[in-house]
Amino acid sequence: MAKLTKKQKAVEASVDRDKLYGLAEAVELVKSNATAKFDETIEIAMNLGVDPRHADQMVRGVIQLPNGTGKSVRVAVFARGDKAEEAKAAGAELVGAEDLMEIVQGGNMDFDRVIATPDMMAIVGRLGKVLGPRGLMPNPKLGTVTPNVGEAVKAAKGGQVEFRAEKSGIVHAGLGKSSFSADAIKENVEAFVAAVMKAKPSGAKGQFLRKVALSSTMGPGVKIETSELV
């Protein structure tokens, strides 16, 4: 195991692993520990009382963060004609139909979000084994299968975040950058947690929100008092 530097030891020592922090204090602590030379991403991890292997316990949704993510999002859009032009005008990096399908099948996955018009789903459906495991498959419930592709592209680039519970019942997401103000991060966290709580499935039993932790890309996790978030 690699030895920690003095700087890393100081960062680790600043966090009490057994303590549950208030949200405001946790945000300040995470920001102060984001000391890398790049603008670290502020990440949240939520441990939920669900088993996503059961259809009635899947947690999935989308939220437009009030202060954006600070991340540059590359968008691919499956559309033809006027809708393709609409997507390009909105800033989509990749736009097409069969030609875009061939690009994806060829292994080019240089995008973060996939949007499709309803008439394109016959084509997109062939890419399920490629896009599905990466969480990129368009879904009408998430607004990524829509005739309003221009609006969808702008939303994706403007701070929209999709979330989905992993097999262990944990939801991860990036909610901003360490350069964001503490208030901006706090607002994003509150909005995200509210969206996840709203997406509570009918099959969830007992305590839904079990643990929440906040961290930066290179910093230690800080546990948050869940009662403050509910």
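Visitor: Two strands pair if DSSP finds at least two bridges between them. Over how many bridges do β3 and β4 pair?

Guide: Over 3 bridges, in the parallel sense. Strands (E, at least two residues) and helices (H or I, at least four) are DSSP runs, numbered from the N terminus. This is a predicted model: local features need pLDDT of at least 70, side-chain atom pairs count only at pLDDT 80 or more, and totals for chains, interfaces and linings use all residues. Residues are numbered from 1 along each chain as its sequence is written, and side-chain values use heavy atoms, with hydrogens and water left out.

Visitor: What stands opposite G96 in β4?

Guide: F78 does.

Visitor: In what order do the strands of the open sheet come?

Guide: The order is β4-β3-β5, with parallel pairing of these 3 strands. β4 (94–96) and β5 are the edge strands, and each pairs on one side only. On average, neighbouring strands are turned by 15° against each other, direction ignored.

Visitor: Which strands of the sheet does α7 touch?

Guide: α7 packs on the sheet and touches β3 and β5. Contact here means heavy atoms within 4.5 Å. The direction of α7 makes about 165° with that of β3. Axes are lines fitted to C-alpha atoms, for helices over the stretch in contact, and angles run from 0 to 180 degrees between N-to-C directions.

Visitor: Which residues of α7 are buried?

Guide: In α7 (residues 149–157), they are V149, G150, A152, V153, A155 and A156. Buried means under 20% relative accessible area, exposed over 50%, partly exposed in between (1.4 Å probe, protein chains only).

Visitor: What covers them?

Guide: The cover includes β2 (60–64), β3 (75–78), α3 (81–90), β5 (113–116) and β6 (160–164).

Visitor: New topic. How many aromatic pairs does a search of the whole structure find?

Guide: The search finds 1. F163 and F192 form an edge-to-face pair, 5.5 Å centre to centre, with 75° between the planes. Rings of Phe, Tyr and Trp (its six-membered ring) pair if their centres lie within 6.5 Å; planes under 30 degrees apart count as stacked, over 60 as edge-to-face and the rest as tilted.

Visitor: Which parts does the pair tie together?

Guide: F163 lies in strand β6 and F192 in helix α8 (residues 182–198), so the pair ties together parts 29 residues apart in sequence.

Visitor: Is F163 buried or exposed?

Guide: F163 is buried, with a relative accessible area of 3%. F192 also counts as buried, at 0%.

Visitor: Last one. Where does T35 lie?

Guide: T35 is in the loop between α2 (23–32) and β1 (41–48). T35 is partly exposed, because its relative accessible area is 36%.
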